[in-house]
Structures are given as C-alpha cells and as structure tokens.
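Welcome! Here are some exercises to work through, each with its solution. Take a look at the structure first.

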Amino acid sequence: MAKYPVRVKIRKRGAVALMNSPEMQAILREQSRAVASRAGEGFFSSVQQGKTRAHGRVRAATKEAAEKNLRENTLVKALGGGV
C-alpha cells in the first residue's frame, strides 16, 4: 500500500459541465456517426444534452433497417460487440 494515499474528490458541478460540454458532444457525434455508418443504410445518429451528461444515439430510420436490426443485431455488431 502507498505511503501517502491519494484522495480524489470529484466536484459534481464540474463533472456535469464536462459531460455536457460542446467538446464531449462533438466526440459523441463523431462516434455515433461512425456506428451508424458501420450499421449501414437506414440508420441515423443524434446527440442530445441531458441533465447530467450528453447522450449519443443510433437508431433505425426505416422499417427495413429496424427489421434488419431485429434479425441480425446490426447495431450490436456495429458497436463491435457481435460476432
């Protein structure tokens, strides 16, 4: 164990500001667009600001894309979590 333990105190207001910042939203926008493009045609991405953090979302825009996602787990695979 360390001789001088380190204590970290996170200030909630600062963390919320960081997680909602335009820089974080730009990162989320870039990542969600990459997932949507890997998923293929019929998927779109969006970024929304929340109370405590920004949210990136990828969804099916068409009925065909939604059905493909149900059959093939397209979004999971586009995230890198599928086989």
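**Exercise 1.** Find how many salt bridges the structure holds, and name the side chains that meet in a salt bridge.

*Solution.* Start with the rule: a salt bridge is a side-chain nitrogen of Lys or Arg within 4 Å of a carboxyl oxygen of Asp or Glu. The structure holds one. Its partners are Glu72 and Arg71, at 4.0 Å from N to O. Next, check accessibility: buried means under 20% relative accessible area, exposed over 50%, and partly exposed in between (1.4 Å probe, protein chains only). Arg71 is exposed because its relative accessible area is 60%, while Glu72, at 35%, counts as partly exposed.

A note before going on: this is a predicted model, where local features need pLDDT of at least 70, side-chain atom pairs count only at pLDDT 80 or more, and totals for chains, interfaces and linings use all residues. Residues are numbered from 1 along each chain as its sequence is written, and side-chain values use heavy atoms, leaving out hydrogens and water.

**Exercise 2.** List the residues of the largest nonpolar core and find which element gives the most to this core.

*Solution.* Such a core is a set of buried Ala, Val, Leu, Ile, Met, Phe, Trp, Tyr and Cys residues joined through side-chain atoms within 4.5 Å. The largest has eight members: Val35, Ala36, Ala39, Phe43, Val58, Ala65, Leu75 and Ala78. Two elements, α2 (22–39) and α4 (74–79), each give two or more residues to this core. With three residues, α2 gives the most. Helices here are DSSP runs (H or I, at least four residues), numbered from the N terminus.
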